[in-house]
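Notebook open. I want to look at a pocket and a ligand site, and jot down what turns up.

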Amino acid sequence: MTRTLRIGLLGCGVVGTGVLQLLRDHRERLTSRVDVALEVRRIGVRDIARPRDAIVPTKLLTDDLTSVVEADDVDVVVEVMGGLDVAGPLMRRALERGKHVVTANKALIAEYGSDLLEVAHAHGADLYFEAAVAGGIPILRVLRESLVSDRVTRLRGVVNGTSNYILSRMAQEGVDFEVALREAQAAGYAEADPALDINGGDAAHKLAILATLAFGARVTPANVYTEGIDTVAAEDIAFARNLGYAIKPLAVARETPSGQLDLRVHPALIPRDNALANIHDAINAVQIDAAALGSGLLSGPGAGQLPTAMSVLSDIVDVARNYAAGAHGRVPPRAVREVRLADIPVHDILELRARYYLRFSVADRPGVLGFLATVLGAHDVSIEQMFQEGRSDEMRWATVVILTHRARERDIRDAIAEIERDEYVYRPAHRILIEE
Ligand code: NDP
Ligand code: HSE
């Protein structure tokens with residue numbers, strides 16, 4: 001007789017409703033593949049009275065979330081509500097009760113993953129989180145299972161759909177930042193607090209999870225140097241395009257030659273002929289460099305209802321398979337047991353060497369280019385290209401764009417600070433790293 005895995009859903013918004021839809025659409029296929037029936041028993045939400053998709057069985061709704069994690073008729077808790085303060089203790093409680101947990105909550109896993117995974121291990125429960133990183137792309141499975149036999153040296157990618165959507169819309173259609181953000185929210189890509197998408201926080205959560213799996217290292221978001229896309233102006237996108245680059249929200253985790261981890265999230269100029277420059281809208285991509293594999297690229301929808309729900313459901317299937325085999329915890333969710341994670345030193349961002357795009361707004365006066373070149377040179381920053389675009393308004397100011405040769409981040413910052421102190425420099429300078 002087919003056994004049943006009873007599901008308690010925490011959250012029934014974009015992703016939760018997608019999970020219900022896939023459970024309905026793929027019911028027979030799933031049962032035949034898993035040999036375990038998947039059945040939703042309880043659904044916790046904030047507001048029971050809120051209008052919902054017709055697929056949501058309203059009789060299962062409750063605003064008593066504790067009752068979902070405590071219920072004896074729930075075997076696996078599927079947390080798709082988001083946030084830390086409410087979701088965290090609920091997830092912990094579910095694991096302490098020996099219930100398996102599947103979550104799409106990258107913030108929670110990135111910040112408290114070690115603790116939660118130890119609780120899961122202690123109580124013989126599974127805790128999976130494929131949907132937490134890059135939506136529909138099975139990147140965690142690939143790192144955890146396919147590449148377990150290899151040594152990853154670098155991950156580089158676009159892992160936030162909303163910010164990629166915004167920059168793509170600005171670049172392709174000249175859409176305003178705020179309008180593009182509203183479109184991303186309407187499409188269900190953005191976080192409840194979209195500041196996390198824009199300021200790089202969401203990507204930092206994902207990079208921390210990725211780096212932990214890839215390098216077997218204890219990485220938290222605090223280890224990730226993080227810059228948002230909010231400093232990228234339409235004119236930067238246009239200048240970059242003319243120079244042969246696209247601006248993308250980049251995430252990098254890289255082993256340096258000295259054995260440190262270079263961990264960073266920031267907008268970057270990427271040469272047009274690099275695959276990452278051609279990842280648009282809410283599509284995500286991760287380039288993986290590994291010793292035996294060489295280089296590979298995974299790309300696909302990084303946000304949105306069904307791609308994300310598909311990843312959540314694939315984890316539920318893993319739980320169901322383990323449940324059927326009585327084999328919980330066979331594959332550590334982060335590739336190694338938590339106690340075996342290493343403390344690898346993090347590379348200081350100020351010591352990073354890269355090429356840079358710099359944009360200055362300066363008075364259009366004799367000697368201004370010489371001034372910029374002199375200050376940059378004094379800080380050991382060598383100019384590769386430089387051009388000026390004049391403006392004939394009353395103030396007579398001009399935009400100067402400079403591409404540098406490889407320079408140290410610390411020297412770039414010091415040079416910019418000195419340039420900005422000059423009375424003829426009108427606005428904060430803009431600096432964007434060029435990823436080779
Ligand atoms: P939504 O805002 O669409 O849905 C959140 C759901 O959780 C709602 O049903 C809401 O209840 C419920 N909820 C939220 N907070 C509480 C609370 N304090 N108490 C009770 N119920 C609460 O979010 P999404 O579905 O978009 O995202 C869910 C999770 O999935 C987040 O962790 C997100 O980061 C992650 N994720 C989302 C992706 C996407 O593309 N949207 C992609 C990958 C991951 P109510 O319906 O009553 O308001
Ligand atoms: N807000 C997230 C994004 C959802 O835009 O990428 C997917 O994690």
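I began with the second largest pocket: 16 residues line it, and Leu30, Arg33, Met310, Ser314 and Val317 lie nearest its centre. My note on terms: on a 1 Å grid over the protein atoms alone, a pocket is an open set of points where a 1.4 Å probe fits, with protein on both sides within 12 Å along at least five of seven lines, and lining residues have an atom within 4 Å of a point.

This is a predicted model, where local features need pLDDT of at least 70 and side-chain atom pairs 80 or more, while totals for chains, interfaces and linings use all residues. Residues count from 1 along each chain as written, chains are lettered from A and ligands numbered from 1 in written order, and side-chain values use heavy atoms, without hydrogens and water.

Next I checked who supplies that lining. Helix H2 (27-34) and helix H12 (305-325) each give at least two residues, and H12 gives the most, with seven. I take helices as DSSP runs (H or I, at least four residues), numbered from the N terminus.

Then I moved to ligand 1. It has 24 residues around it (a heavy atom within 4 Å), and Cys12, Asp47, Arg50, Glu191 and Gly304 come nearest.

I looked up polar contacts too (N or O pairs within 3.5 Å). An oxygen atom of ligand 1 sits 2.7 Å from a backbone N or O atom of Cys12. For Gly13, a polar backbone atom is 3.2 Å from a ligand 1 oxygen, and for Gly304 the distance is 2.7 Å.

Technical notes. A polar contact is a pair of N or O atoms within 3.5 Å; within protein, one must be able to donate a hydrogen and the other to accept it, and residues adjacent in sequence count only if both atoms are side-chain atoms.
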